[in-house]
Amino acid sequence: MIQTGTELEFGMNPASCNRSQLNKSRKTNGFQPPLRSALTVGERLASHETFMALALSESKKALPGCLPNPPVGCVLVRDGLAVSTGYTRAPGEYHAEADALEKYSGPLSELTAYVTLEPCSFHGRTPSCADALIANGIKQVVVALVDPDPRNNGQGLEKLRQAGVEVVQGIGVGEVSEFLEQYLGNS
Ligand SMILES: [Zn+2]
């Protein structure tokens with residue numbers, strides 16, 4: 001009896017062990033900066049990567065409530081400090097950018113928004129996040145992935161650029177797409 005119980009335990013544990021180990025190793029893995037020639041100032045690239053990694057970890061909190069919308073994370077940075085974070089809420093509620101803006105009450109000048117996915121340019125279930133970032137005077141927007149949704153697909157970034165917002169794209173694209181890609185194209 002005791003042996004059977006022990007066997008059962010040993011038989012059942014590895015699956016859960018493996019899963020938690022997988023999660024652990026994913027969490028502790030260093031963020032891999034992609035090699036880019038566009039940015040040449042090392043320190044600045046490092047900080048872009050760091051804040052995008054934070055946006056990525058924030059984005060994982062969006063699951064499963066955000067579905068079928070993609071789980072996106074956003075970090076607002078001012079003077080080199082993360083001042084607010086947000087992630088995609090349930091459909092019809094805040095997207096990551098709006099969530100981070102809603103939680104932030106400090107000065108809006110000199111803010112950089114790190115977003116794992118291109119901000120939406122269109123008014124779907126919620127108002128356009130590109131418009132919200134512009135309306136709040138965000139100075140710079142750093143994204144990992146361009147949104148392949150045909151309603152967006154670069155138009156969100158273009159809208160930001162047209163409004164004078166500095167746009168940096170492709171930061172942390174490898175790590176972000178590894179997590180995010182599977183959720184794209186369903187919303
Ligand atoms: Zn949006």
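How many helices and strands does the protein chain have?

## Overall make-up

The protein chain has six helices and five strands, where helices (H or I, at least four residues) and strands (E, at least two) are DSSP runs numbered from the N terminus. This is a predicted model, in which local features need pLDDT of at least 70 and side-chain atom pairs count only at pLDDT 80 or more, while totals for chains, interfaces and linings use all residues. Residues are numbered from 1 along each chain as its sequence is written.

Along the sequence, the elements of the protein chain follow the pattern α-α-β-β-α-β-α-β-α-β-α. Of its 187 residues, 37% count as buried; a residue is buried if 20 or more other C-beta atoms lie within 10 Å of its own, exposed if 12 or fewer, and partly exposed in between, with C-beta atoms placed from the backbone. Among contacts in the protein chain with a separation of 6 or more, 65% come from residues 24 or more positions apart, a contact being two residues whose C-beta atoms, placed from the backbone, lie within 7 Å.

## The sheet

The five strands form an open sheet with mixed pairing, in the order S2-S1-S3-S4-S5; two strands pair if DSSP finds at least two bridges between them. Strand S2 (81-87) and strand S5 (166-169) are the edge strands, each of which pairs on one side only. From one strand to the next, the twist averages 20°; axes are lines fitted to C-alpha atoms, for helices over the stretch in contact, and angles run from 0 to 180 degrees between N-to-C directions.

S1 and S2 are antiparallel and are paired over six bridges, with Leu76 having Ser84 of S2 as its bridge partner. These two strands form a hairpin with two residues between them, and Asp79 in the turn has a positive phi of about 50°. Elsewhere in the sheet, strand S4 (residues 140-145) runs parallel to S5 and is joined to S5 by four bridges, and Val143 stands opposite Gln169 in S5.

## Helices against the sheet

Helix H5 (residues 155-162) packs on the sheet, where H5 touches S4 and S5 and its direction makes about 150° with that of S5. Gln155, Gly156, Leu157, Lys159 and Leu160 are buried in H5, and the buried residues of this helix pack against helix H4 (129-135), S4 and S5. Just after H5, Gly164 takes a positive phi of about 90°.

Helix H3 (residues 96-103) lies across strand S1 (73-78), S2 and strand S3 (111-117), and runs at about 130° to S2.

## Backbone features in the loops

Most residues other than glycine have a negative phi, and most peptide bonds are trans. A cis peptide bond joins Leu63 and Pro64, with omega about -5°, and Pro64 is found in the loop between helix H2 (42-59) and S1. The peptide bond from Leu67 to Pro68 is also cis, with omega near 10°, and Pro68 is likewise found in the loop between H2 and S1.

Glu110, in the loop between H3 and S3, has a positive phi of about 60° although it is not a glycine; Glu110 counts as exposed because it has 12 C-beta neighbours inside 10 Å. Asn153, in the loop between S4 and H5, is a residue other than glycine with a positive phi near 45°, and Asn153 counts as partly exposed because it has 14 C-beta neighbours inside 10 Å.
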